[in-house]
Amino acid sequence: MYEVIRGQEVAVARLKAACRSGRIAHAYLFTGPAGVGKYAAARGFAAALLCASAREGVACGKCFSCRLFQSGNHPDYHVLAPEGVTIGIEKIRRITFALGQRPHHRRHVVVIDQAEKVTAEGQNAFLKTLEDPPGGAVLILVTAHPNLLLPTVVSRCCEVRFRRLHPGVVVEELVQRHGVPPDEAKILAVLSGGSIGRALELRRPEMMALREKVLRCALAPALREVQGSAVYNKTEVEEWLAFFNLWYRDLLLYRITGDSGPVVNTDRLAELKEARLSRTGLVASLEAVEAARRMLRANVNPRLVLEGLVVRLGSIMRSQKPEVRSRN
Ligand SMILES: [Zn+2]
């Protein structure tokens, strides 16, 4: 079941070893960025823990338990995920009750996806179960934001860290498994910061439209591009900043090396080569993006941050003397 997980050899090896040796913790906390295989690993681990004849820490895929698991009807396998914004206390109570019943097969396994969404009340209600789950049950909490969990919850779990994926791995996965054209996959891999889940999200048409808008604005910063009826929330402005950042990074790399190899915005090479900003201007632009990022983190109004940035980028561009270059 682990074969679908790429680039997480360390975490997966740990899970396999635990299963093989039988030294299994009561509660695990799978942490790491979103979309890097944490949930898939939780499923693989759960299947192995439930399997009647797991080999080398991996579910056999053939026994009765494995077939039940694959059909989505294993009576001892429980998944909690947010409906809406949170996982409420009623769900936690239901799970606690289910764990109190004798398992049909070997043991109960519970996976809580986006565990940070369990309400504080729910987390408190779950502490006792986490510390000592009845009948050898195993609890797996999956989260990209462990800092949002109560310290008392975190301290009761055995943490398994999942890493950001290497961009090369993301490209391969996108091309081979999701049929993304290689050029697009290369852009998405870098933009996503090593997360396949995020890369697929970025592929949505509205994200591509946003990228167009940001690049237009980077080429000719104008306040009208960001004004109007649009309402900006923090996440959207973060997307703007990520696209800006990548564009200026590309320009700077290209300006320094003269090589388009490391360029990410490969579909925009023509504009990249024509861009007029000097090195100093590029560094100043990158700094402006970084400053905007800090303001956003400090909860400055997202719209103001974005407008301020565009004004600053515009003034950097106007203060530039175009670099002298040959036109032959
Ligand atoms: Zn099996």
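The following legends describe close-up views of a predicted model.

**View 1. Division of the protein chain into two domains.** The domain assignment places residues 2-161 in domain 1 and residues 204-318 in domain 2. The centres of domain 1 and domain 2, taken over C-alpha atoms, are separated by 40 Å.

**View 2. An open sheet of five strands.** The strand order is β2-β3-β4-β1-β5, and the pairing is parallel. From one strand to the next, the twist averages 20 degrees.

**View 3. Pairing of β2 with β3.** Strand β3 comprises residues 109-112, and its pairing with β2 runs in the parallel sense over four bridges. Within this view, V79 is located opposite V111 of β3. In general, the strands of a sheet pair through backbone hydrogen bonds, in either a parallel or an antiparallel manner.

**View 4. Helix α2 across the sheet strands.** Helix α2, formed by residues 38-50, lies across β1 (27-31), β2, β3 and β4 (138-143). Relative to β4, α2 runs at about 170 degrees.

**View 5. Packing of helix α1 with helix α2.** The axes of α1 (residues 9-21) and α2 (residues 38-50) come within 10 Å and cross at roughly 15 degrees. As angles under 35 degrees count as roughly parallel, α1 and α2 are therefore roughly parallel to each other. Their crossing is right-handed. On the α1 side the contact is made by A11, V12, L15 and C19, and on the α2 side by A41, F45, A48 and L49. By class, the residues of this contact of α1 with α2 comprise eight nonpolar, no polar and no charged.

**View 6. Packing of helix α4 with helix α5.** Helix α4 spans residues 89-100 and helix α5 spans residues 120-131; the two pack at an angle of about 15 degrees, with their axes 8 Å apart. The helices α4 and α5 are therefore roughly parallel to each other. The crossing in which α4 passes α5 is left-handed. From α4, the residues I89, I92, R93, T96 and L99 meet E121, G122, A125, F126 and T129 of α5. The contact of α4 with α5 divides by class into five nonpolar, three polar and two charged residues.

Notes
Residues are numbered from 1 along each chain as its sequence is written. This is a predicted model: local features need pLDDT of at least 70, side-chain atom pairs count only at pLDDT 80 or more; totals for chains, interfaces and linings use all residues. Domain bounds come from an automatic or database domain assignment. Axes are lines fitted to C-alpha atoms, for helices over the stretch in contact, and angles run from 0 to 180 degrees between N-to-C directions. Angles under 35 degrees count as roughly parallel, over 145 as roughly antiparallel, 65 to 115 as roughly perpendicular and the rest as oblique. A crossing is left-handed if the near helix is turned anticlockwise from the far one by less than a right angle, and right-handed if clockwise. Two residues are in contact if their C-beta atoms, placed from the backbone, lie within 7 Å. Ala, Val, Leu, Ile, Met, Phe, Trp, Tyr, Cys and Pro count as nonpolar, Asp, Glu, Lys and Arg as charged, and the others, Gly among them, as polar. Two strands pair if DSSP finds at least two bridges between them.
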